[in-house]
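Okay, thanks for making time, everyone. Let me put the structure up, and then I'll walk you through a pocket and a strand.

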Amino acid sequence: MPKSRGKSEIKGGKGREIARAPADPTGLDLKHWITALSAVPTSAVTEDQIRHWVEGPLRRFFPFQRFLGGYGRLSGGRIRMRNLVTSGHEAAFIASLEEAFDLSARGCFAWWVQNRAAFILDPADPPPFATAHEIEEATRYSLGVTAAHGVIDPFANTGTYLSFSGIEADDPARIRTSLNLIAPVHHALFLATEQVERSPIDLAKLTDRQRQLVELALMGLPDKTIANRLGISENTVGNHFRGIYERLGITKRSQLIAALK
């Protein structure tokens, strides 16, 4: 019997075997990825431009049904979202999202923050770190399988998070590789929007305790409530805030809140 030829070979002239370039082992459609990159909006990027890019060129590279991308700040174990871009999600789901939440409330998000790696949430076979709330949420809003990733800036305590729902989960390795390509591009786009220009307030100048007080102040809590939550006196809370104002070069709480909202 004639010797069979592998897929990596084709027959050339006069019976010669000519090697064919191997396919991308990751299974990615790099042609569509290159096309998506060439269509990335530049200059003064808007949220609408990000959404248009996601729904068009990016979807052809990474098929999905629903998208959510956000830019926010992490401090004291609490996430505060500063802006959000969504596509395909029903209004009830968007309305249910918290502007600020504790990491302990969302196990998938907490796992991502700790590991800085893409994850996949299949409500029919959830990862061990998923909370009951996250699984119930995926079922209630018919999200299907969700894959998520992002980029964290450890110096500014900010980051970009993105999730794609309603995806095919037949090749987890390809999904994670795709998100490793997509995440930094999304992060650059969010940083380029007018809505997420860097705040003149640099929280990196503060101690962990001071950043914790700032987060509580952003929740609109008065000194007495903050004192009760932290187990310290109201006078100590006032001293902390005076130290915060001095380090940040401001004089009152309204300036702090206005700069960080």
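So, the largest pocket here has a volume of about 460 Å³. By pocket I mean, on a 1 Å grid over the protein atoms alone, an open set of points with protein on both sides within 12 Å along at least five of seven lines, and lining residues have an atom within 4 Å of a point. The volume is the space filled by probe spheres set on those points. Of the 26 lining residues, the closest to the centre are Leu68, Leu97, Arg106, Glu137 and Tyr161. β4 gives the largest share of the lining, 4 residues; strands are DSSP runs of E, at least two residues, numbered from the N terminus.

Quick caveats: this is a predicted model, so local features need pLDDT of at least 70 and side-chain atom pairs 80 or more, while totals for chains, interfaces and linings use all residues. Numbering starts from 1 along each chain as its sequence is written, and side-chain values use heavy atoms, with hydrogens and water left out.

On one side, β7 runs antiparallel to β6 through 3 bridges, with Phe119 opposite Ala148. β8 is also antiparallel to β7, joined by 8 bridges, and His149 partners Leu162 there. Pairing needs at least two DSSP bridges. β7 and β8 make a hairpin with 4 residues between them, and Asn157 in the turn has a positive phi of about 55°.

Technical notes:
1 Å grid on protein atoms, 1.4 Å probe; cavity = no way out; pocket = protein on both sides within 12 Å on 5 of 7 lines; lining within 4 Å.
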